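Hi everyone, thanks for coming.

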Number of protein chains: 2
Amino acid sequence: MNIRLYNALILTMKDDNIIKGEIWVCGERIIYVGDGTDTDKVYRSLKLSSILWDREIDCCGNLLMPGFKDAHTHSGMTLLRSYADDLPLDDWLNKQVFPVEAKLDGEMIYHLTKLAILEYLTGGITAIFDMYLTPETIAQACIDMGMRCVQVGAVNNFSQSVDMVEEMFKKLNNSHNLISYILGFHAEYTCSKELLQEIAGLSRKYKAPVYAHISETAKEVEECKKRYGMTPPVFLDSLGMFTFGGGGYHCVHMEEADIDLFQRKRLNVVTNPASNMKLASGIAPISQYLKREINVAIGTDGPASNNCLDMFKEMFLVTALAKIRENDASAVDAWEALKMATVNGSRAMYLPDTDVLEAGKLADIIMIDLQKPNMQPVNNIPKNIVYSAGSQNVKMTMINGRILYENGRFADFIDEQAIYSKANEIKESIC
Amino acid sequence: MNIRLYNALILTMKDDNIIKGEIWVCGERIIYVGDGTDTDKVYRSLKLSSILWDREIDCCGNLLMPGFKDAHTHSGMTLLRSYADDLPLDDWLNKQVFPVEAKLDGEMIYHLTKLAILEYLTGGITAIFDMYLTPETIAQACIDMGMRCVQVGAVNNFSQSVDMVEEMFKKLNNSHNLISYILGFHAEYTCSKELLQEIAGLSRKYKAPVYAHISETAKEVEECKKRYGMTPPVFLDSLGMFTFGGGGYHCVHMEEADIDLFQRKRLNVVTNPASNMKLASGIAPISQYLKREINVAIGTDGPASNNCLDMFKEMFLVTALAKIRENDASAVDAWEALKMATVNGSRAMYLPDTDVLEAGKLADIIMIDLQKPNMQPVNNIPKNIVYSAGSQNVKMTMINGRILYENGRFADFIDEQAIYSKANEIKESIC
């Protein structure tokens with residue numbers, strides 16, 4: 001499809017300038033971003049005198065920007081949205097979440113992932129970094145819905161295996177242009193030392209980065225120190241886990257040495273503020289990460305612990321919690337949060353072609369509706385997005401050059417009512 | 001207008017039961033809520049054998065509930081949305097907010113209030129507790145838009161006067177069925193002792209409650225203690241301010257004696273979590289208020305310090321911040337937050353007829369769209385509302401029996417584009 005988006009404001013995220021102009025999409029890539037006065041170079045490079053547009057969309061002065069990257073989620077947990085809340089963490093996990101999860105199979109996770117994807121699309125999320133139980137059916141759900149998805153290994157003592165992680169790493173990378181796979185494990189506290197050593201071995205074998213839940217709770221850090229005399233990051237590094245990059249989800253309770261390590265090894269932090277609040281895990285030291293120039297991305301975590309998949313909420317929380325934590329209203333400003341939700345997410349997910357809007361990049365583009373009361377008057381668009389916008393402002397979500405959600409409706413090939421029905425059926429059968 | 005809303009789920013907020021049924025609205029009031037099997041009693045009481053419906057609305061299984069009460073706002077500050085953020089509090093207030101506010105007149109505030117009302121309607125807010133500069137033009141904006149509004153005196157050493165507060169108290173109460181007015185002043189730190197004594201005198205004269213910003217920041221409390229040897233609540237009470245009820249906005253930094261006082265005098269706390277985060281004011285001790293059975297309502301505060309007027313965001317923050325503050329994932333559950341945003345708000349605003357859905361109450365009703373991905377599957381609707389819903393789920397907003405917003409559109413008499421234009425014009429002229 002050749003799509004021309006014109007009469008737009010454009011926030012490329014290369015910097016905080018907002019330009020008036022248009023974006024041309026050809027197939028899965030952007031071929032032009034600009035004010036429309038220099039399009040002759042596009043024709044020359046294509047060796048064409050004109051382009052036959054499949055669609056020309058008048059953006060009516062609304063904003064085009066890169067889609068949000070949800071850099072940590074468990075999509076299949078939509079099943080458990082509002083199933084068990086307001087409980088102490090251990091009861092929540094052991095008495096509510098684990099028993100239901102034990103009954104899930106790959107087909108159920110396929111359907112539950114599709115439900116999550118509907119929500120990503122309504123919220124302008126164009127790529128997810130997903131950790132869950134059945135990588136192949138998750139990949140299939142994403143392919144069938146047109147969602148970009150980086151999966152990560154979830155192996156632990158109780159589910160998946162190192163062999164499976166290696167198999168998925170080989171099978172899912174290069175299998176489809178929407179799908180990739182990164183080595184990973186659930187967390188230090190759910191994995192034996194031997195298992196962790198094997199994952200580190202895979203990392204060396206493939207010279208590949210590794211991700212896991214790291215230092216999410218104070219208890220996790222304490223117990224790791226009792227077990228190994230080291231914090232989780234330092235212990236994992238001692239096994240050679242981080243030679244080829246990667247990083248941690250959550251990273252709420254990080255000591256100075258941990259932060260040093262993340263800086264030195266250029267590891268990524270993926271922060272999950274709503275989940276960290278709801279489970280009373282704490283407030284991550286984002287200001288300190290930024291001072292060390294650590295790449296910080298943002299994730300929603302799964303719908304069991306959030307309960308929505310909404311990057312607007314997370315962006316607000318990143319900056320607002322930093323202000324509370326530092327007792328400083330100027331801590332971590334809106335622009336930093338917006339970068340985390342877009343360009344930093346691309347970097348953390350090893351998706352360099354999705355970070356900004358420019359010719360040659362993948363067409364993962366969203367349109368933000370500025371003609372809503374919460375976006376008026378127009379004093380500062382980036383601050384409006386972080387402090388005031390929500391899913392009601394997402395007018396269009398395009399992934400890989402394909403418009404999947406527009407003006408409140410999903411693309412024709414998506415049957416959202418069937419997906420809701422299926423999710424409720426699964427709930428009735430196992431909850 | 002006679003309006004029948006059928007095929008609905010109904011959360012009356014009298015308790016947490018959800019019933020299947022219908023609601024009948026006649027003029028400004030609800031005349032029936034039930035499963036539809038006992039409507040003969042309505043006909044008997046009306047001495048009618050049938051009702052001629054102006055509209056019969058199929059709710060398609062979506063949820064009807066009381067509208068949200070935004071129990072502390074400064075609507076006219078829409079002008080300053082995203083105008084100055086990420087600044088230390090003093091710089092924000094003194095260098096950015098005050099200089100612009102000094103240029104505002106009543107007509108500008110009329111238009112800026114209308115812009116805020118658009119946002120209230122999209123977010124299911126059916127009543128506001130508004131403190132701002134020009135009560136008569138604010139009342140006019142609310143009447144012209146169909147918004148229910150309780151105003152509160154904002155007098156301080158620099159603007160308004162005690163005489164004006166008394167005049168507005170007499171003039172605006174009983175002037176229009178959407179409008180009321182409560183005695184109030186800005187805050188202890190912006191008022192002389194003499195001024196505060198005069199307000200306390202008005203309270204005695206009219207046996208009327210009084211509201212103000214109270215103990216919002218640690219600095220405010222410290223300075224009051226230096227000035228008078230007492231915390232703000234104790235000092236104000238010593239002047240006889242709280243003999244007839246009322247309460248405080250914010251109440252972030254409250255000492256044991258302050259909480260005792262609020263409990264003993266049955267004063268209301270209006271909490272404003274997003275604003276308290278964004279301005280780095282702190283986290284209010286909501287769990288302690290609830291333990292003492294203090295009535296806690298929720299406000300958005302003004303758009304300069306939030307920056308949106310979104311009770312979904314505030315409900316999430318009330319419970320999520322309590323969890324962080326108490327280090328307990330079970331602190332202040334979703335149901336408590338939902339009560340604060342509805343019934344407790346009605347009580348704090350002295351609007352007893354707006355609290356729940358039952359025959360005889362005012363028809364301030366919203367419809368929540370459950371057919372969106374963020375509300376599926378349906379494990380628990382109240383928890384879905386607090387933890388997952390947003391303005392995208394508000395399908396209808398009815399105030400005083402009148403539908404003002406429905407399926408993404410405002411009522412025909414509202415010209416939102418003209419309101420946006422006016423707000424941007426004002427911005428261009430004075431910012």
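Some ground rules first. This is a predicted model, where local features need pLDDT of at least 70 and side-chain atom pairs count only at pLDDT 80 or more, while totals for chains, interfaces and linings use all residues. Residues are numbered from 1 along each chain as its sequence is written, and chains are lettered from A and ligands numbered from 1 in the order in which they are written.

So, how many residues of chain A are in contact with chain B? There are 54, and they meet 54 residues of chain B; being in contact means that C-beta atoms, placed from the backbone, lie within 7 Å. On the chain A side, helices 2 (89–101), 3 (106–122), 10 (273–278), 12 (311–326), 14 (381–387) and 15 (416–430) each bring at least two residues. Helices here are DSSP runs of H or I with at least four residues, strands are runs of E with at least two, and both are numbered from the N terminus. Helix 15 of chain A gives the most, with 5 residues. By type, that side of chain A has 25 nonpolar, 17 polar and 12 charged residues. Nonpolar covers Ala, Val, Leu, Ile, Met, Phe, Trp, Tyr, Cys and Pro, charged covers Asp, Glu, Lys and Arg, and the others, Gly among them, are polar.

Now look within chain A. Domain 1 takes in 2–66 and 353–410, and domain 2 runs over 68–352, with bounds from an automatic or database domain assignment. Their centres, taken over C-alpha atoms, are 29 Å apart.

Last, the backbone. In chain A, a cis peptide bond links A:Asn306 to A:Asn307, with omega about 10°, and A:Asn307 sits in the loop between strand 13 (295–298) and helix 12.

Which residue of chain A has a positive phi although it is not a glycine? That is A:Gln160, at about 55°, in the loop between strand 8 (148–152) and helix 5 (162–172) of chain A. A:Gln160 is partly exposed, with 19 other C-beta atoms within 10 Å; 20 or more would be buried, and 12 or fewer exposed, with C-beta atoms placed from the backbone.

Notes: Two residues are in contact if their C-beta atoms, placed from the backbone, lie within 7 Å.
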